Amino acid sequence: MGDPTPNPHATNAKTNSKRKILFFAAGTGLVLFAGILFFQTFNAKDGAAGEEKQAGKVRLSGSQPTLRSQPVAKVGSVVITEDELARECVALYGPEVLENVVNRAIIQQACQKAGVAVEQAEVHSEVEKIAKRFNLDTKTWYDMLQAERKMNPNQYRRNVIWPMLALRKLAGQQTNLTKDQVQKAFIRDYGPRVKARMIMLDNLHRAQKTWDDVKRTPAEFERVARDYSIEPNSRALGGAIQPIPQYSDNESLWKAAFKLKEGEVSGIIQIGPSRYAILLCEGRTEPVVTDLSQVQNQLVEQLTEEQTQEAVARVFAKLKEETRVDNYITNTTTGGVSQTSGTNFSKGRVKQAIPNPTQGLSPSGR
């Protein structure tokens with residue numbers, strides 16, 4: 001892959017590309033799992049003997065520690081103890097927190113079995129790298145996390161960065177990027193897009209009736225969208241949606257969109273279970289970047305990160321399938337089924353459990 005050719009006219013496009021990379025990458029942040037922000041400990045070494053002995057330990061069996069019945073509050077003559085507080089916490093948050101600790105234990109056992117270790121220096125280095133990509137120093141990055149995520153630096157390093165790095169090591173190098181994938185990503189991110197309005201319906205019979213109406217009178221499309229579309233955001237805008245890129249996630253939608261001419265109404269497009277869309281084409285956007293070489297490096301980085309994310313997610317999904325978990329709070333048993341090498345995990349299923357750790361943060365607005 002060659003170096004990008006400098007072009008002042010592509011500045012905005014490169015900025016957009018960088019933001020996309022940050023969304024997908026953020027220091028490989030997409031490998032986190034739902035609720036992982038609440039994990040209690042981590043396995044990184046930091047040179048402090050006490051912390052090194054305690055970090056990342058999860059009690060899986062054997063005797064449980066006895067809670068100290070120390071007072072935590074006093075209301076008049078009534079003393080509230082740690083035992084009482086713990087019982088209330090378990091009753092309110094037990095299932096959720098336990099699931100997080102179980103996930104933690106699954107990762108930890110896999111690391112021990114594979115001989116994988118994440119050093120404290122690696123954790124700090126990853127934080128610095130993430131902050132640098134947002135053009136921030138680590139202190140400012142931590143301040144933003146505290147303000148927008150209510151998470152202090154220790155929590156971030158323990159509960160986000162360490163699991164992320166551990167899972168990446170467990171996944172190993174499982175990326176295989178092709179020129180065709182880079183080309184398609186370039187068209188997706190920088191190519192022309194279809195400007196359109198959309199009516200979404202959840203019933204094929206209603207979709208057919210609506211299509212008959214707008215096909216007969218396309219000028220009424222905006223009004224019909226306001227009256228009948230079930231998608232609240234676009235409905236309020238008369239069906240207006242973001243321009244549709246080629247090779248985007250919903251193949252049925254973009255393929256139908258790119259067949260349309262300006263002013264033309266599409267057929268009924270099934271875009272999901274009980275989800276039907278009708279499009280009105282309003283033209284196409286003009287691409288800002290027309291030369292792949294100008295943004296090739298950014299695209300390669302972005303796509304590599306996407307593949308890494310998916311590989312990591314597959315590894316974790318497989319670990320959960322193979323590890324038996326007896327949950328005595330919910331009285332359920334999961335996992336314990338050995339996977340064959342040919343087992344597939346759907347991309348959609350995996351991604352549901354992987355939120356972006358920088359989602360909701362706004363460094364660009366600083």
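Modeller: This is a predicted model. Asp326 has a relative accessible area of 32%, so Asp326 is partly exposed.

Biologist: What makes Arg324 exposed?

Modeller: Arg324 has 57% relative accessibility, and exposed means over 50%, so Arg324 counts as exposed.

Biologist: How do you know that Arg324 and Asp326 meet in a salt bridge?

Modeller: The N to O distance between their side chains is 3.1 Å. The limit is 4 Å, so the pair of Arg324 and Asp326 qualifies. The whole structure has 18 salt bridges.

Biologist: Why is the pair of Glu251 and Lys255 called a salt bridge?

Modeller: Their N to O distance is 2.7 Å, and the cut-off is again 4 Å. Both residues lie in helix α11, 4 residues apart, about one turn of the helix.

Biologist: Why is the pair of Phe134 and Trp141 called stacked?

Modeller: The ring centres of Phe134 and Trp141 are 5.1 Å apart and the planes are at 15°. Centres must lie within 6.5 Å, and planes under 30 degrees apart count as stacked, so this pair is stacked.

Biologist: Are Phe134 and Trp141 buried or exposed?

Modeller: Phe134 is at 16% relative accessibility and Trp141 at 0%. Buried means under 20%, so Phe134 is buried and Trp141 is buried.

Biologist: What makes α7 roughly perpendicular to α12?

Modeller: Helices α7 and α12 pack at an angle of about 105°, with their axes 10 Å apart. The range for roughly perpendicular is 65 to 115 degrees, so α7 is given that label relative to α12.

How values were computed
Residues are numbered from 1 along each chain as its sequence is written. This is a predicted model: local features need pLDDT of at least 70, side-chain atom pairs count only at pLDDT 80 or more; totals for chains, interfaces and linings use all residues. Side-chain values use heavy atoms; hydrogens and water are left out. Rings of Phe, Tyr and Trp (its six-membered ring) pair if their centres lie within 6.5 Å; planes under 30 degrees apart count as stacked, over 60 as edge-to-face and the rest as tilted. Buried means under 20% relative accessible area, exposed over 50%, partly exposed in between (1.4 Å probe, protein chains only). Axes are lines fitted to C-alpha atoms, for helices over the stretch in contact, and angles run from 0 to 180 degrees between N-to-C directions. Helices (H or I, at least four residues) and strands (E, at least two) are DSSP runs, numbered from the N terminus. Angles under 35 degrees count as roughly parallel, over 145 as roughly antiparallel, 65 to 115 as roughly perpendicular and the rest as oblique.
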